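Thank you all for coming.

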Amino acid sequence: MTDMVFADEAPEAAAGNASVKVLDPWVVMIVDDDPAVHQVTQLVMSDFEFSGRRLQFLDAYSAAEARELLGTRNDIALILLDVVMETEHAGLDLARYIRGELDNHHVRIVLRTGQPGQAPEEHVIKSYDINDYKEKTELTKRKLITVFYTALRSYRDIMIIEQSRLALRRSIDAITKVYDSHNLRRFASAVLEQVAHLLGYEAQGLCASRVSAYAASHMEGHLKVLAATAEYSRLLVDEELNTLPEDVREALERALKEQQSFFEPHRCVGYYRSSSGNESLLYMVFSEPVDANARELLEIFCANVAITYESLLLREEIQETQRSTVYIIGEAVEKRSKETGAHVRRVGELSALLAEAAGLRSNDVEFLRQAAPLHDVGKIGIPDRVLNKPGKLDAEEWEVMKTHARIGYELLNKSDKRILQLGAIIAHEHHERWDGGGYPRALAGEQIHIAGRIVALADVLDALVSRRCYKDAWQFEAALTYVRDQSGLQFDPNLVRLLFERMDAVMGIYERFPDREAGT
């Protein structure tokens with residue numbers, strides 16, 4: 001299921017027992033060298049409220065004081081600015097500083113002057129980026145209230161546009177990263193913030209999902225967070241929803257039980273159920289009653305995030321099945337060789353470690369992790385008398401054994417799937433040597449595909465420390481000595497260096513994938 005929770009815009013909007021966050025006040029700075037102007041303005045506007053938010057005043061008695069305050073605050077919505085203070089044009093210079101040096105084009109600047117001759121209105125409006133010009137004598141309470149409404153409404157709309165722009169940018173950036181269910185959360189969270197801002201509401205929220213059917217093993221039937229705005233971002237980590245307010249939990253449970261949406265003046269809970277049985281919930285609280293268009297937009301968001309999540313889980317299920325199939329094939333070959341260890345898994349992990357260290361792209365690293373276990377698939381074409389001979393192979397038997405590289409290549413190369421194509425290269429080239437003395441084509445140096453060079457090193461290292469029908473397992477230090485001695489001969493010297501630089505990670509792989517005893 002999917003649920004979103006949004007904080008309200010107004011303290012009194014707690015209809016329906018909804019938990020509502022008291023919003024921060026609008027910050028207004030008065031810049032004037034006359035203390036009486038500060039006192040009168042604050043007294044007149046003491047009970048003013050706009051969009052559920054009160055006022056907080058900052059006092060600056062000179063342009064210099066204002067500059068200091070502006071250097072520490074970025075939340076000022078409105079500046080009531082006197083022209084003549086420490087100099088005849090101190091206010092005008094401050095306005096130019098705000099727009100130019102601070103590059104702050106959000107704050108609304110209302111110029112107030114008691115000496116209009118010092119700063120003629122036409123000249124000031126034309127030359128300075130201010131939003132209104134008033135003579136102090138004309139600012140009655142009614143006109144001052146009008147100034148505040150106009151300026152704060154303008155500031156609010158500018159900030160909505162700015163926040164939507166930033167959210168849209170985060171959404172666009174996140175689109176390229178939506179390649180699994182975990183990264184979907186980042187994308188959905190960015191979109192959730194954008195949706196809230198586009199609706200024009202101050203909002204916080206979360207989006208969660210409970211998936212049934214094939215994905216039950218992933219979800220275990222529990223609620224899982226898909227998206228959250230800043231206030232609920234911690235839920236993206238711990239995924240615990242038991243800290244939600246009681247009224248929120250009760251609303252979600254009601255929607256689940258009734259399997260339908262319900263709407264109240266300041267709260268809505270949207271319910272959506274996909275064709276495969278996955279449930280989505282949308283929980284929101286608003287400062288003002290929302291119209292049908294807003295409800296529709298949010299329900300569309302809820303449904304689409306859930307459907308996308310479901311599709312990503314299905315893709316992950318297919319990918320996991322593919323990985324498991326590759327491992328099963330690789331292990332089947334190992335079992336035919338009477339091996340009982342986790343050789344193919346360790347070769348895959350060692351190969352991925354070396355690939356990442358060598359600077360391969362993350363997608364290529366993952367493909368190599370999945371393809372490396374197929375390196376010896378060609379051994380299915382080798383007779384048992386050769387494959388499981390306990391002693392050293394004679395010349396004829398060795399020639400037969402060497403054909404497994406070609407057999408593996410021919411088996412895998414028939415597919416157009418990237419993993420199997422890469423597996424074909426690895427099967428064909430993982431017995432080539434850096435010095436050109438390998439088989440089947442005697443390639444040398446960088447003529448050998450990087451995947452072949454990587455798996456060659458990973459395969460030999462693990463084969464040395466593993467028991468085989470023809471030898472006992474080597475001590476790890478002895479195997480490392482062999483690898484070091486073969487640097488530049490059998491192995492790519494750069495890969496050998498990278499291996500030794502990451503020995504802690506190498507040992508971690510052996511701890512995670514130990515050999516299994518026969519029969520276990």
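Let me begin with the term salt bridge, by which I mean a side-chain nitrogen of Lys or Arg within 4 Å of a carboxyl oxygen of Asp or Glu. What you see is a predicted model, in which local features need pLDDT of at least 70 and side-chain atom pairs count only at pLDDT 80 or more, whereas totals for chains, interfaces and linings use all residues. Residues are numbered from 1 along each chain as its sequence is written, and side-chain values use heavy atoms, with hydrogens and water left out.

By the salt-bridge rule the count comes to 21, and E349, E366, R369 and R512 are linked with one another in a network of such bridges. For burial, I call a residue buried under 20% relative accessible area, exposed over 50%, and partly exposed in between, with a 1.4 Å probe and protein chains only. R361 bridges to D364, with the closest N and O atoms 3.1 Å apart; R361 is exposed at 58% relative accessible area, while D364, at 17%, counts as buried. Another bridge joins D75 and R73 at 2.9 Å, N to O, and here D75 is partly exposed at 33%, as R73 is at 25%.

Helices, for this talk, are DSSP runs of H or I of at least four residues, and strands are runs of E of at least two, numbered from the N terminus. Within helix 15, residues 404–412, E410 and R406 lie 4 residues apart, about one turn of the helix, and the two form a salt bridge whose closest N and O atoms are 3.3 Å apart. Helix 3, residues 90–99, is largely enclosed by the rest of the structure, because 8 of its 10 residues are buried, among them L92, L94, Y97 and R99.

Turning to the aromatic side chains, rings of Phe, Tyr and Trp (its six-membered ring) pair if their centres lie within 6.5 Å, and planes under 30 degrees apart count as stacked, over 60 as edge-to-face and the rest as tilted. A search of the whole structure finds 8 aromatic pairs. One of them, W398 with Y439, is edge-to-face, at 5.7 Å centre to centre and 85° between the planes, and this pair links distant parts of the chain, with W398 in helix 14 and Y439 in the loop between helix 16 and helix 17, 41 residues apart. W398 is partly exposed at 38%, whereas Y439 counts as buried at 11%.
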